[in-house]
Amino acid sequence: MEPLMAVVIGILYATAIYMMLRRSIVKLVIGLMLLSNAANLLIFTSAGMTRGAPPLIPEGASEPLRQVADPLPQALVLTAIVIAFGVLSFAVVLIRRAYEIVKADDLDKMKDTDT
Amino acid sequence: MQLAVLGGFVLAAFAPLLHRWFGERAGLVMAILPAGLALWLFGQLPSVVAGDTLVFEYAWMPGLDITLTFLLDGLSLLFALLISVIGVFVLVYAGGYLKGHQDLARFHVVLVAFMMSMLGLVLADNLVAMFVFWELTSITSYLLIGFNHNDPEARKSALQGLFVTVGGGMALMAGLVMLANAGNSWSLQELITRGDALRQHELYLPMLLCLLGGAFTKSAQFPFHFWLPNAMAAPTPVSAYLHSATMVKAGIYLMARLHPALGGTESWTLILSLFGALTMVTGAFLALRHTGIKQVLAYSTVMALGTLTMLLGIGTQEALIAFATFLLAHSLYKGALFMVAGILDHETGTKDIAAMGGLRKAMPITMVCAVVAALSLGGIIPMLGFIGKELMLESVLHAERLNGLLLMMSLAAAIMTMAAAAIVALRPFFGSWKDTPRSPHEGPVSMLAGPATLATLSLLFGLLPSWVSPLVMATASSVEGSAVDSYLALWHGVNLPLILSLISLAVGLLIYRHWERWRDWQGRLDPILNRGPEACYFLLMNLIVVVSEWQTRMLQNGYIRNYLVMTLLVLVGLTSHALVYRHDLVLDVSLDVRAHEALVAGLMVAGAVTACIMRSRLASVAAVGTMGFCIALTFVLFSAPDLGITQMLVETLTVILLILVLFRLPRFATLSTPLERVRDVVVALATGGLITVLILAVISGEQLPSISDYMVANSVPEGHGHNIVNVILVDFRALDTLGEIFVLALAAIGVYAMLRFHADEYDAAKQRLPHEEYLDG
């Protein structure tokens, strides 16, 4: 599965970068969303993907009964998902404010600090 | 010893305080330190003359082989004595020259710091320590030249001096590193005993050129001679000290110090004697072109520095004795003459020799000092300068290479120097009286003490050469690398050097008589001379400005996409290079995919691509949402239920937020040209491809043992939780989670604040302030 995911993640990165290179600020934000998702998948995939073995320990046992998926990358990705959401909501509100003031969805019109 | 020098830096820091306590006499108080050092150095004279090398060990950074060990042999003793003795007089003199100047305290800070850097430079045994002191002299010299910082000319000259000397410092550093590697030591003491190995080293020539690059720039050798006369923008005490007696001799010191290690080869002899002779003639020639008294003296200093370099190049024992004598003689008379120039400038209000005349009645003591010092400069019996010049001519006569050429150049330089000496000493004091901006009278005692003492010493040492003979021989011995047994004498009998001296005296005086006509004739060469090295310097400076403007426009253009493109291209370029050339790339592409997984992956790609090409915001957001839910499914399919749940929740919230907030925004407009889009697609695909290759390389490569085994094993015993991911988040990596909570809280506060502040309030605020240009359209 990992080679397929590698290709998928590559495509996600490509789309994210394409969107971040647009002049439209909304597209920039969409690019950011794609990028954070792609990065999460990257971490998840690099650690190896395991089917049907969640890192859970049954009641009464002190260790998993069989080999489980690596829990550490999962914890990292979990943190990253939530942080990405925080950053995204801040960015989205920021561009809404920017749009109210500049009245344009164009990064090139936001080059002056006065406006 | 180290304590005295380092203490001097502390003293420099306290100079403003001393000014508060002692007022105008602070300079005198500070002069106690160099005076004490000078006395102590005199105390070491007997043992150094006896041929001992005194070593003062002091470890600085032992782990890096850097010491602050000081070395006292003939060469460093002569330099240290000159620095501290002339330093005393300059401190006293500056008190008179800059009397009442508001920045006198600042002046003392830098001057004393300079003095100590210079002492450290000539005493240091370790190459790194020497280099540090070397650069410190450049910096303090910069501050002193630009002391009158309100004068744009002074600032320009200071910067020029700094650029030239620090540029040379770069070369010097490279040279020192090569030297230390070739000689396998950072200690000068050890390096000078390894001369044979160094001279045969394959890096000998580059090493020599780099070291000479440093020495030539510092000591104003052709073609770097132009900065020294410009440095005359400094207050005269500074010129007397830095630009005649001490700092400019740092390069000479370096060459003399390395003579036993590197000298004696074909390239050493040719480079040093040719450039030295060229500098000598250039300096003497240009000295006659100017009428500013400090300019004339500065060019004659260039002449002297050239002579010293040439003598080091010739390198015979005779030449080295001449070197030591000339060095001492030059420091004495040039210090005296600069101080005389300062008195003239201070008392008459002009620096132009042509504007002065008949001052002998007004300032008799100054006149005597000037004439005595100038006799030494011109090399007339019975001054120390005479002995130096005789020895110089004799060693040139006996030089092994190029002696005919060098002799002619030396004679020409001697003639013109004679004329320059006469101009400086006779013009202002004799002839008819000329009115000057200030009515002249004798300078104060503080200003006369220095020139009087130094001029007397020039005379005394000339009459009684046996007094300085031991020190001169000890210096020559350190430069030679083995003991030199000889003595100085005033009278060598009637020989060729004496005849040449007489010729130079006669022709020099002839030029002096017809100085005006000589200058007119020389002025015709100006169009050629103006295209000299200084023009190249300005060309280079302008080029730097043009190039930086261009590259700033290229790189710092304010468009985020250009920064991104540049960063990504560099990333892709460097990483793929490393992947291809440094890494045995093994890509494992064995596919083990089930149909439903492939479907989810395909949907993910479709969502992302659709988000890119849709023209409506809502469609784009929906496509991104589809992709997000597919990712959540992937998490669930591959043993990460927690991630799946979180992703699902966050994705739902994100879509709702985006739709609510972006509702009011317009449809996407086409803002970029097709060409730009092609460029972006290429960059994006390149980066994406790189990421794919990287992941494949990671998963096919060798995996290091994971630290999560510990967490799996201790989740229940230590963390009392059965969901290992949760235990990691709230227990093993709890601080991370705390930080995450802070980030979210901050984002929430920001979102709240921005939603509260509405645009109409902004407009209202704008209307309340109609005069302010809030918006520019």
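This is a predicted model: local features need pLDDT of at least 70, side-chain atom pairs count only at pLDDT 80 or more; totals for chains, interfaces and linings use all residues.
**Overall form of the chains**

Chain A contains 3 helices and 0 strands, and its elements follow the order α-α-α from the N terminus. Its radius of gyration is 20 Å, whereas the globule rule gives 13 Å for 115 residues, so chain A is more spread out than a compact globule. The C-alpha trace of chain A extends over about 65 × 30 × 15 Å along its principal axes.

Chain B holds 35 helices and 4 strands. A compact globule of 777 residues would have a radius of gyration near 28 Å, but the value for chain B is 37 Å. Along the principal axes, the C-alpha trace of chain B covers about 110 × 70 × 55 Å.

**Burial, contacts, surface and charge**

In chain A, 61% of the 115 residues are buried. Among the contacts of chain A between residues at least 6 apart in sequence, 54% link residues at least 24 apart. For chain B, 53% of the 777 residues count as buried, and 78% of the contacts between residues at least 6 apart in sequence join residues at least 24 apart.

Chain B exposes about 34000 Å², with 67% supplied by carbon and sulfur atoms. Chain A carries 10 positive and 10 negative charges, whose mean positions lie 10 Å apart. In chain B there are 41 positive and 50 negative charges, and their mean positions are 13 Å apart.

| Helix | Residues | Length | End-to-end C-alpha distance | Expected span |
|---|---|---|---|---|
| H14(B) | 249-262 | 14 residues | 19 Å | 20 Å |

The reach of H14(B) is close to the expected value at 1.5 Å a residue. H14(B) is also mostly covered, with 14 of its 14 residues buried. Just after H14(B), B:Gly264 adopts a positive phi of about 90°.

The buried residues in H32(B) are B:Ser708, B:Met711, B:Val712, B:Asn714, B:Ser715, B:Val716 and B:Gly719. An α-helix has 3.6 residues a turn, so residues three or four places apart point the same way. The cover over the buried residues of H32(B) includes helix H3 (71-102) of chain A and helix H33 (724-732) of chain B. Just after H32(B), B:His720 takes a positive phi of about 55°.

B:Leu498 is located in helix H23 (residues 496-513) of chain B. B:Leu498 has a relative accessible area of 11% and is therefore buried, since the term applies under 20%. Leaving aside residues up to four places away in sequence, B:Leu498 touches B:Phe386, B:Glu390, B:Trp491 and B:Gly493. B:Leu498 and B:Pro62 are separated by 436 residues in sequence and by 54 Å in space, C-alpha to C-alpha.

Key. Residues are numbered from 1 along each chain as its sequence is written. Chains are lettered from A and ligands numbered from 1 in the order in which they are written. Side-chain values use heavy atoms; hydrogens and water are left out. Helices (H or I, at least four residues) and strands (E, at least two) are DSSP runs, numbered from the N terminus. The radius of gyration is taken over C-alpha atoms; the globule rule is 2.2 Å times the number of residues to the power 0.38. Buried means under 20% relative accessible area, exposed over 50%, partly exposed in between (1.4 Å probe, protein chains only). Contact means heavy atoms within 4.5 Å. Accessible areas come from the Shrake-Rupley method with a 1.4 Å probe; for residues, only the protein chains shown count as cover. Lys and Arg count as positive and Asp and Glu as negative; His and the chain ends are not counted. The place of a charge is taken as NZ of Lys, CZ of Arg, CG of Asp or CD of Glu. The expected span of a helix is 1.5 Å times one less than its number of residues.
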